[in-house]
Amino acid sequence: MEILTLSLVSSTLVVATPLILAAMGGLFSHQAGIFNFTLEGLMLFGSFFSVMFTVLTGNLWVGLLLGALSCTALAVIWGWVVVDLGADQIISALGFMLLAQGGTVFLMIAVLSQTGGVFSPLQLDIIRLPWLNAVPVLGSVLNGHTLLTYLSWLTLPLFLFVIYRTPYGLSLRAVGEKPEAAAAAGINVRFVRYSAIAITGVCCSLAGAQLALGLLGMFTDNMTAGRGIIAFAAVIFGRHRPLQVFLVALFFGFAGALTDRLQGFGLPSELLLTLPYVMTVVVLALSGWRTFTRAQSGHVKA
Amino acid sequence: MSMGSTTGAALAQRRGSTGFFRVWHTLQMPLLATLAGLLLTSALLLVIQVNPLDVYAALLRGALGSVFGISSTLRWATPLILAGVAVTIGFKAGLFNAGLSGQIYLGGLVGSIIGFAVVLPAGLHPAVAIIGGGLAGAIWALIPALLLRYFGASEIVTSLMLWYVAIGISDFLVRQFFRDPTSAAFLMSVKVAPDAVLPSFFPVGNVSVMLFVSAGVALLAWYLMARSKIGYEVRMTGANPRFAFYAGLPTARRLVLAFCASGFVAGMIGAAESIGINQRFVSQFDPGFGFDGFLVALLANGSIAGCIPAGFFLGILKAGSMEIERTLGVSKSIIWILQGSIILFVSAYRLRDRINALFAHLTRR
Amino acid sequence: MVVRRQVPGHSAGEVRELGMIQPIIELIGVTKRFGSFVANDAIDLRINEGEIHAIVGENGAGKSTLMKTLAGLHVPEEGRVLLRGQDVELRNPEIAMSKGIAMVHQHFSLIDALDVAENVVISDPPRRFGVLRRKVAVARVVELSRTYGLDVDPKRRVAECRVGVQQRVEILKALYRSPEVLILDEPTAVLTPQETQALIDNLRGLREKGKTIIFITHKLKEVMAVADRVTVMRAGSVVLNVPVAETNSSALANAMVGRSISVEARAKTGQLGAELARLEEVCRDGTSGSVGLDHVSLTLRRGEVVGIAGVEGNGQSELIEVITGMHMPAAGRVILQGEDVTSRASPLFMRQRGIAHIPEDRIATGLATTATLLDNLITGAHGVKPIARGPWIDQASARAHAQRLVREFDVRPGNIAADAGSLSGGNMQKAIIARELEGDPQIIVAAHPTRGVDIGAAEFVYSQLLARRERACVLLVSSDLDEILRLSDRILVMYRGAVIAESDADSLTTEQLGLLMAGIRREPQCVADAQGAAL
């Protein structure tokens, strides 16, 4: 079949990058026992801030850095609302999503005097590593992505190490499973939660930056269009474990890439665009029987 | 994982009090969150050197200062009340219908199809269209409800995902079969039959009899929930599903029923918007009623009847936001920021506790 | 200061004899409030170095609160804490641990998903360059476990360890920080008598190694067995503080409850009636990793109280779920009054057949705490006349019904419009019992009916259950042996999901029950059976 070519693999990697970054970031919050539904809002903020600061400073790297900082600051503010003010995690996250939609539009007008969208003067470069071509078959596919794509792959070994091989990871897992017990062992539960949410913020910001600066070269209103929710679904389906989440996000990326590919074959685009969402629902349904045990089974956890 | 149950619990923090205090207790968090939202938007407005008071004055002027403004407020209140009711019905059962927009969208599709493809007596036509739209919404809501029932999949995420699917299916069907050939860039269906259009009763604007239907649906849903056996079982299931199961209530059926009822009300919104306002199906016709309904429900704080005043309040914001943009040149996105921050803070109960403690501290001195 | 350590060649015991005892911890006027509730009211307390100090009192007497203050989990509103004569502020657990005070909590504070070593070192993991040193962690746990004779497998996941082992892990976790003072909060609550004995031996060993031990319990036998000194708390205050040698169980018991108590003899059954229910060879899996049911058979007759004894988590909850229809058995039969209902079992069906259920967990299962007391009291009755009127609920009848139950069962405060969650634990339990006993149930399944309930309310619960015995069967599950022995006519012991013994209540002693709960069958008739088989 012609559609199952190597270039499909390559575009899977491209489409999956923001999903992987956001989902890997999201799992940090979940490891700390924070049900973080803000990924969508954080990604949107991340897209906008990275473009805004790139426009303002004229330097892509400064744009990325300041974008990540602002996005992380906003993530921590949400953290304050749920950790210290006791707000419902899902309700407040939806508020955060609306705040992101309104806030990005507002700032685009206020700071950049633009409506609808803003072009970035600079884009993330495609990196070509000659030695990668030496890898048989996949060499050409693995090559030629943005720095953030490679970074998204690095998150897997990095997060596995941090979560399972560092004292911080030990605290993180303890806080996520039994916060009172962690507190009794002298772990600063608030610090662990805030830091986990901040890491989610950094990752989602980079995910948004990949969309805006890596793929499109611009920011448009509500450009994340549910990708953050798909990333969230990956966190849930992957049971917030790094390897599983990574693979699920990659799979969702494949669904997206397949959609793009099939569109080129003259199939109705409206229906095709629903494919990733349908797949997410199916996957959630198949995983749900273990992740959410509810009233009907008679075993509800808190 | 504590999803539906926390939503329900966050909304049901009324303990051991009755009468006036109960009402006051119900209103505390919405008022506090609105105040926090106003502070945040005011700060942003000051940064861009606009006087916040001017903005709020323009908002009120635009919404209530003229016959046209009032008609606009009523026009928006109509769907917003229903959206709030739809979300609150879910809350009562401990469920969160985050995919309201999907049910609205399909309701709009089916409502308009009944409007232009079916021949019916004049008085009956809009009623059938709205009920048909409601049924479409209920069926769409049935999917996440059943996924929850049989697989335990979070209704929040599945219903939200199905929103995108509803858009895809509806747009596809309209493009393939019902597209208005005269429409160029914009995707819209052919017009509904004249007798299917909801009659308007206001001198200007788009205020249809649907306003009374909305209020009526809210009151009916409130009465059923408070007084009927099924309503009681839904409420108890929402308050503590494990208790309801243990006590022998038919929890699974009640959860599915409540979610479908929520979807039915959402579907009515779509149908009414299509046959009443646009008089056809227009792609992307929903300006975000899902979110708005969520906000209405949070402001009503778990009370179905409370969605009526909360819907009017949000109607004022919506009607007034046009005026802000028109006269002051301030983006109406400031209203989204206001709404977003209200939602962000509305369940932050420790904010209230801290403020209460602060007051107690000050009065002791 | 650290006198004992500077006297080479003297064991702790000798130091005591030399009269060098000094208080290691001294509390002066410590007060802790939660809102308007005073949990600790101006407590004065001295803990001497190297002693085992028992703190006893009823539930809610303020023992745990006081110890959490020492462990840095609560900051008291008033009062001073002196450590070796120096004022200290124990603002958080980390500070308390660094000052040498460690606490073993009542509800295990172990993290199931981590292994034993990770749990032990969690408060201060060995690290190098920010990396966790797992091998070092494991080595330290092995060393600690050898030093104190607390046998554990460091690489095993905690979720896979038995309760007694988890307790040892918990103690190792506290010892890991080399504390001088070790606080144990009700360490024997979930242990079998044999595991308890092992723990007591361990505590003696720790004392010999110079540790000071504070030991919260409400079991007086343990106090008499192991403690050097005992403090009795009641309603947030210290009411007695004496050396154990100078007191006895009944004096302590009187001090605990503030009046003389006499355990009255149980009224014996009259007539055993018809068979109401029978389980035949019921099997099922456990929920979330606990044991399931292993070919459980059991018969319930009108006119008896059947007690299920056993250490918690040996299948009692699973058994109740089957009988009440909350969970289907995987194999076996459930027979109600001669009719096989296995495939039709559901909570609704079982309730319609007259099975009432006083659940284990009041708040999670027994009530909808965010709904009103009225709504909680009419559940079940809401579906039948007079409360049900067509599809509607008749408000006046519902109110009358709830008012009557509140009156009859003395639920206080009896405001039926208030949320059920605003009631105290004892009154929640009364409300549940009021609802469950309504409508003359045939079988009353009562799980831990007096847990966390004060003595007055517990007596009320006992009298209600015994009063129903003539007309119904009561199936009582409890981990409190005294409760089982006092109420039951017949006792079944569960171990690892199976019923391993059944006997008349009169022919069992506490010791025998304890052995059975530990899964040890060493009764004479077993020996006789074995001999018979050999012949």
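Residues are numbered from 1 along each chain as its sequence is written, while chains are lettered from A and ligands numbered from 1 in the order in which they are written. Because the model is predicted, local features need pLDDT of at least 70 and side-chain atom pairs count only at pLDDT 80 or more, whereas totals for chains, interfaces and linings use all residues; side-chain values use heavy atoms, leaving out hydrogens and water.

**View 1. The open sheet of chain C.** Here, six strands of chain C line up in the order 6-9-10-3-11-12, with mixed pairing. At the edges are strand 6 (101–104) and strand 12 (237–243) of chain C, each pairing on one side only. Neighbouring strands of this sheet are turned by 20 degrees against each other on average, direction ignored. Helices (H or I, at least four residues) and strands (E, at least two) are DSSP runs, numbered from the N terminus, and two strands pair if DSSP finds at least two bridges between them. Look within the sheet for strand 3 (residues 52–56) and strand 11 (residues 229–234) of chain C, which pair in the parallel sense over four bridges. In that region, C:A54 stands opposite C:V230 of strand 11.

**View 2. Two helices across the strands of chain C.** Helix 2 (residues 63–70) of chain C lies across strands 3, 6, 9 (181–185), 10 (212–217) and 11 of chain C, and runs at about 150 degrees to strand 10. Helix 6 (residues 163–175) of chain C lies across strand 6 and strand 9 of chain C, at about 170 degrees to strand 6. Axes are lines fitted to C-alpha atoms, for helices over the stretch in contact, and angles run from 0 to 180 degrees between N-to-C directions; contact means heavy atoms within 4.5 Å.

**View 3. A buried threonine in chain A.** You will find A:T17 in helix 1 (residues 6–31) of chain A. A:T17 is buried, with a relative accessible area of 0%; buried means under 20%, exposed over 50% and partly exposed in between (1.4 Å probe, protein chains only). Leaving aside neighbours within four places in sequence, A:T17 is in contact with A:L148, A:T149, A:S152 and A:Q210.

**View 4. Where chain A meets chain C.** In this view, 17 residues of chain A are in contact with 25 residues of chain C. The two chains bury about 1800 Å² between them, 66% of it on carbon and sulfur atoms; this is the accessible area (1.4 Å probe) that two parts lose on being put together, summed over both. In chain A, A:P167, A:L170 and A:E177 lose the most area to chain C, together 30% of what that side buries. A:R173 forms a salt bridge with C:E118, the closest N and O atoms being 3.2 Å apart (a side-chain nitrogen of Lys or Arg within 4 Å of a carboxyl oxygen of Asp or Glu). Helix 7 of chain A gives the most to the side of chain A that touches chain C, with five residues.

**View 5. Where chain B meets chain A.** This contact takes 63 residues from chain B and 56 residues from chain A. Chain B and chain A bury about 5100 Å² between them, 76% of it on carbon and sulfur atoms. One salt bridge is found across this interface: A:E270 pairs with B:R175, with the closest N and O atoms 2.6 Å apart. Helix 7 (residues 155–178) of chain B provides the largest share of the side of chain B that touches chain A, 14 residues.
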